[in-house]
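Hi there,

Here is the structure I promised to pass on to you. Please open it alongside this email, and then read on for what was found in it.

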Amino acid sequence: MLNKLMPNWVKSIGLLTVFGLFAAGIVFWGGFNWALEATNKESFCISCHEMEENVFREYQNTIHYTNRTGVRATCPDCHVPKEWGPKMIRKIQASNEVLHKVLGTIDTPEKFNAKRGQLAQNEWKRMKANDSQECRNCHRFDYMDYTEQGNRAARQHPQAFIDGKTCIDCHKGIAHQLPAIDQHIGKQNDGAVAISHGEKPAEPAKEEAKPEAKPESK
Amino acid sequence: MKLITALALAAGVFLGGAGTACAQELVNEIGGVTIEGTSKVNMFRPEKDTDTIPRNFQKQPQLIPHSIKGYNVTQNFNKCMDCHSKERAEETGATKVAKSHYLDREDKKHSNISPRRYFCMQCHVPQYDAKPLVENTYKPAAKKGE
């Protein structure tokens, strides 16, 4: 009876081997996923002093770290996509960060600040390209109640959405300090990064836009 | 002479006693709140966002009618000027920076504010729900023609 039900290939390699492979698959996938999630924790991010000393400390003064309700966003909530495909791409790109950790590219605050403009622009570009996907995991336009927002926010938000802007167009430097920005005030930041407010409307929202940021943008 | 010594001693004892009393109460020099008891809950809160607040006297620097939490004015970036500069004011609906701010100390006009006006909050301040510690009867001088 059992022999009739079993396909030939199962018979040839044996029932035990089939179950063995299945179990091994579960263990392998579970292990892979566990390791992946282990690198997706804030404690992992700030185990590198590059992150702990610079961006993490700045972030501790911001609303995404401490606020009235105690809801928090951790590093990966904003810097790693939640969807499996984009997450894999981002994780593979992040291998470049390991290289620069070894090279010590940003291993002092001075070196970090010298690179801050480039790093920030990478991250802005990435968020612009995926329509601020990580922001919108929590902050959805569709569910915003403008009557609960401040006068200024309630006026600006609908207009920005009509113009096709995305979160990062206006909300730069909300979790970390900005690099030197050329605002044409005095000579201090002449020739520094020019900040954009999304004057050019973004392309229509893409569901699975590929993050384009350079990996060291974390 | 003995009297003076005695008085000084008495004063010393008195002041010493007062000193210990102070140390026990840990009075905050501003509001009389004990330092130990000062918590975030009892701190003054920023006023809710409002429209432009009328000036109390002529040439008063405009008050900031909105929260400035997390708005940094640093060497790298001036958050205020991100909305209040003349290029940005129209889009953001913010009050434009006054023309006087474009002049440097030689009265030379710049394309943006003069660096000496960089630190906005030296003159422009946000409002908190703090009550005045002392009543005052200040009245602005009458405007021309009043």
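**Confidence first**

In chain B of this predicted model, helix α1 (residues 2–25) has the lowest confidence, with a mean of 53, while helix α2 (residues 81–84) has the highest, at 92. These values are pLDDT, the predictor's confidence in each residue, from 0 to 100. Helices (H or I, at least four residues) and strands (E, at least two) are DSSP runs, numbered from the N terminus. Two residues are in contact here if their C-beta atoms, placed from the backbone, lie within 7 Å. Where pLDDT is low, the predicted coordinates should not be read in detail.

The mean pLDDT of chain B is 79, and 68% of its residues score at least 70. Chain A has a mean of 85, with 89% of its residues at 70 or more. Chain A also has a stretch under 50, residues 200–218, for which the model has 49 contacts beyond four places in sequence. The model as a whole scores ipTM 0.74 and pTM 0.74.

A note on reading the names: residues are numbered from 1 along each chain as its sequence is written, and chains are lettered from A and ligands numbered from 1 in the order in which they are written. As the model is predicted, local features need pLDDT of at least 70 and side-chain atom pairs count only at pLDDT 80 or more, whereas totals for chains, interfaces and linings use all residues.

**Chain A**

Chain A is divided into domain 1 (16–45) and domain 2 (48–217), with bounds that come from an automatic or database domain assignment. The C-alpha centres of the two domains lie 30 Å apart. Where they touch, domain 1 gives 4 residues and domain 2 gives 6.

Which residues form the largest nonpolar core? Its 7 residues are A:Cys45, A:Met51, A:Val55, A:Tyr59, A:Ala73, A:Cys75 and A:Cys78. Such a core is a set of buried Ala, Val, Leu, Ile, Met, Phe, Trp, Tyr and Cys residues joined through C-beta atoms within 7 Å. A residue is buried if 20 or more other C-beta atoms lie within 10 Å of its own, exposed if 12 or fewer, and partly exposed in between; the C-beta atoms are placed from the backbone. Helices α5 (49–59) and α6 (75–79) of chain A each supply at least two residues of this core, and α5(A) gives the largest share, 3 residues.

Chain B has 3 helices and 0 strands. Of its 146 residues, 8% are buried.

Take B:Asp104, in the segment after α3 (86–92) of chain B. B:Asp104 counts as partly exposed because it has 14 C-beta neighbours inside 10 Å. Leaving out residues up to four places away in sequence, B:Asp104 touches B:His110, B:Ser114 and B:Arg116.

How many residues of chain B are in contact with chain A? There are 14, and they meet 18 residues of chain A. The chain B side has 5 nonpolar, 8 polar and 1 charged residues. Here Ala, Val, Leu, Ile, Met, Phe, Trp, Tyr, Cys and Pro count as nonpolar, Asp, Glu, Lys and Arg as charged, and the others, Gly among them, as polar.

Happy exploring!
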